[in-house]
Amino acid sequence: MPYVPEPSAELARAEKLILGIPDYPAPGIVFRDIMPLLADGPALRATVDALIAPFLGTFDVIAGLEARGFLLASAAAYATGTGLLPIRKAGKLPRPAASVGYELEYGVAEVEAHNDLPAGTRVLLIDDVLATGGTLEAARELLELLGYRVAGTAVLFEIDGLGGRDAVADPHLHTVFTSGE
């Protein structure tokens with residue numbers, strides 16, 4: 001059963017700060033703009049706390065997906081006193097150790113990461129939005145390819161009905177907010 005954070009006034013307020021921008025980056029896509037949430041200190045704290053709560057004590061490092069996942073993962077790493085492993089889009093790293101390709105709902109892409117951590121490092125994977133699951137699925141595959149152990153996957157916002165949860169296939173997948181498409 002997925003972890004469900006205690007409802008709080010701050011989390012409810014934080015959720016209302018996420019804006020839906022229709023037809024971006026392509027027609028038919030509703031972009032979830034989390035920038036107003038990130039700009040609000042109490043809302044950011046409440047959501048970061050909710051992201052990491054079910055995993056406390058189970059990870060050594062937090063991985064964040066480019067680009068908005070970096071922001072959440074950085075805050076979570078700082079809050080827990082752990083390190084940060086950036087997972088980048090292809091071509092952004094000077095020395096990628098491994099890469100994995102995947103399909104987006106509006107195209108194809110690839111993610112890369114360094115192998116700076118010891119094999120067996122327990123990694124909590126964080127991203128902002130779960131839609132079709134391609135990015136998170138590729139990131140999990142990438143972490144395993146590098147010899148790391150995925151401690152869990154935490155997402156700020158899940159869009160129901162796009163198959164993302166099934167694609168990621170993580171029994172420990174945790175989302176703070178969920179919405180219909």
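View 1. F31 is partly exposed, because its relative accessibility is 24%. The model shown is predicted. One aromatic pair is present in the structure. Its members are Y24 and F31, arranged edge-to-face.

View 2. Helix α5 spans residues 134-145 and includes L136. L136 counts as buried because its relative accessibility is 2%. The cut-off for burial is under 20%. Beyond its neighbours within four places in sequence, L136 contacts L65, L125, D127, L130, T153, V155 and V168. G64 is 72 residues away from L136 along the chain. The C-alpha atoms of G64 and L136 are 10.0 Å apart.

View 3. Helix α4 runs over residues 68-80, 13 residues in total. From first C-alpha to last, α4 reaches 19 Å. This is close to the 18 Å expected at 1.5 Å a residue. Buried positions in α4 are R68, G69, F70, L72, A73, A76 and A77. G81 follows the helix and has a positive phi, near 70°.

**View 4. Crossing of α1 and α3.** Helix α1 covers residues 9-16, and helix α3 covers residues 41-52. Their axes come within 9 Å. The crossing angle is roughly 105°, so α1 and α3 are roughly perpendicular. On the α1 side, the contact involves E10, L11, R13 and A14. On the α3 side, the residues are P42, A43, A46, T47 and A50. By class, the contact of α1 with α3 has six nonpolar, one polar and two charged residues.

**View 5. Crossing of α3 and α4.** The axes of α3 and α4 come within 10 Å and cross at roughly 75°. Helix α3 is therefore roughly perpendicular to α4. From α3, the contact is made by L44, V48, L51 and I52. From α4, L72, A75, A76 and T80 take part. Seven residues of the contact of α3 with α4 are nonpolar, one is polar and none is charged. L72 and A76 are also among the buried residues of α4.

Key. Residues numbered from 1 in each chain as written. Predicted model: local features only at pLDDT ≥ 70, side-chain atom pairs only at ≥ 80, totals over all residues. Heavy atoms only, no water. Phe/Tyr/Trp six-rings, centres within 6.5 Å; stacked < 30°, edge-to-face > 60°. Buried < 20%, exposed > 50% of the residue type's maximum accessible area, 1.4 Å probe, protein only. Helix = DSSP H or I, 4+ residues; strand = E, 2+ residues; numbered from the N terminus. Contact = heavy atoms within 4.5 Å. Expected span 1.5 Å × (residues − 1). Axes fitted to C-alpha atoms, helices over the stretch in contact; angles between N-to-C directions. Parallel < 35°, antiparallel > 145°, perpendicular 65-115°, else oblique. Nonpolar A, V, L, I, M, F, W, Y, C, P; charged D, E, K, R; others polar.
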